[in-house]
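Reader: I am new to this structure. Please show me how to read its features, one at a time.

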Amino acid sequence: MSDCIFCKIANKEIPSNVAYEDSEIICFHDLQPQAPVHLLVIPKKHIESLDGAGAEDAAVLGGLLTKVKAIAAEAGLANGYRLVCNCGEDGMQTVKHLHFHLLGKRKMLWPPG
Ligand code: 5GP
Ligand code: ZN
């Protein structure tokens, strides 16, 4: 997707502060952090949202989710963290490339806003 900002980050066309990367996923610091640690974990493949993920994406997304604990540990989140996936209009998704927010180093609130 040539006009997708997260594809551009994945392709290194736009700089980001990368915390983790492998052949399938990349994790970088959010530009406007909502917690002392605020990372975004994304598949490198352009998938518009969780609603846009198909059976063919199961391996990549399963790999992503099972990698989160290592990324969180590396970020010093031994006391816990929150993983958020905003989906669609009501979910307040603003960037149309599937991403998971990994938030930590503060006590989260519930219910979320
Ligand atoms: P959403 O609201 O779609 O769930 O989250 C999108 C997130 O992407 C926001 O937290 C926003 O701060 C972050 N973001 C948007 N553009 C950029 C960018 O160019 N670089 C980085 N690192 N984060 C971005
Ligand atoms: Zn994209």
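Author: Start with burial. Buried means under 20% relative accessible area, exposed means over 50%, and partly exposed is in between (1.4 Å probe, protein chains only). Take Cys 27: its relative accessibility is 0%, so Cys 27 counts as buried.

Reader: What kind of model is this, and how are its parts numbered?

Author: This is a predicted model, where local features need pLDDT of at least 70 and side-chain atom pairs count only at pLDDT 80 or more, while totals for chains, interfaces and linings use all residues. Residues are numbered from 1 along each chain as its sequence is written, chains are lettered from A and ligands numbered from 1 in the order in which they are written, and side-chain values use heavy atoms, with hydrogens and water left out.

Reader: How do I read a metal site? Which residues coordinate the zinc ion (ligand 2)?

Author: Look for donors first. Donors are N, O and S atoms within 2.8 Å of the metal (3.2 Å for Na, K and Ca); water is not among the atoms, so sites may look incomplete. Here the zinc ion (ligand 2) is coordinated by Cys 4 and Cys 7 through SG, and by His 46 and His 97 through ND1. The distances run from 2.0 to 2.3 Å. Along the sequence, the donor residues are spaced C-x2-C-x38-H-x50-H.

Reader: Why is the arrangement around the zinc ion (ligand 2) called tetrahedral?

Author: Check the angles. Four donors count as tetrahedral if all angles lie between 85 and 135 degrees; four count as square planar and six as octahedral if opposite donors are over 155 degrees apart and all others between 65 and 115; anything else is irregular. Ideal angles at a metal are 109.5 degrees for four tetrahedral donors. Around the zinc ion (ligand 2), the 4 donor atoms subtend angles of 106 to 117°, so the arrangement is tetrahedral.

Reader: Are Cys 4 and Cys 7 buried or exposed?

Author: Both Cys 4 and Cys 7 are buried. Cys 7 has 6% relative accessibility.

Reader: How many disulfides are there?

Author: A disulfide is a pair of cysteine sulfur atoms within 2.5 Å. By this rule the count is 0.

Reader: How do I find salt bridges? How many does the structure hold?

Author: A salt bridge is a side-chain nitrogen of Lys or Arg within 4 Å of a carboxyl oxygen of Asp or Glu. The structure holds 3. In one of them, Glu 21 meets Lys 12 at 2.9 Å, N to O. Lys 44 also pairs with Glu 21, at 2.8 Å, N to O. Together, Lys 12, Glu 21 and Lys 44 are linked in a network of salt bridges. Helices (H or I, at least four residues) and strands (E, at least two) are DSSP runs, numbered from the N terminus.

Reader: Which residue forms a salt bridge with Lys 45?

Author: Asp 57 does, with the closest N and O atoms 2.5 Å apart. Asp 57 and Lys 45 lie in the loop between E3 and H2, 12 residues apart. Asp 57 is buried, at 4% relative accessibility. Lys 45 is partly exposed, at 42%.

Reader: Which residues form a nonpolar patch on the surface?

Author: Patches are made of residues with over 30% relative accessible area and no salt bridge: like charges are joined within 9 Å, nonpolar side chains (Val, Leu, Ile, Met, Phe, Trp, Tyr) within 5 Å. Accessible areas come from the Shrake-Rupley method with a 1.4 Å probe; for residues, only the protein chains shown count as cover. Leu 65, Tyr 81 and Leu 83 form this patch, with about 250 Å² of accessible area together. Leu 83 lies in strand E4 (residues 82-84). Its relative accessible area is 31%, so Leu 83 is partly exposed.

Reader: What should I note in the backbone?

Author: Look at the torsion angles. The peptide bond from Trp 110 to Pro 111 is cis, with omega near 5°. Pro 111 lies in the segment after strand E5 (100-104). Met 92 is not a glycine, yet has a positive phi of about 65°. Met 92 is found in the loop between E4 and E5.
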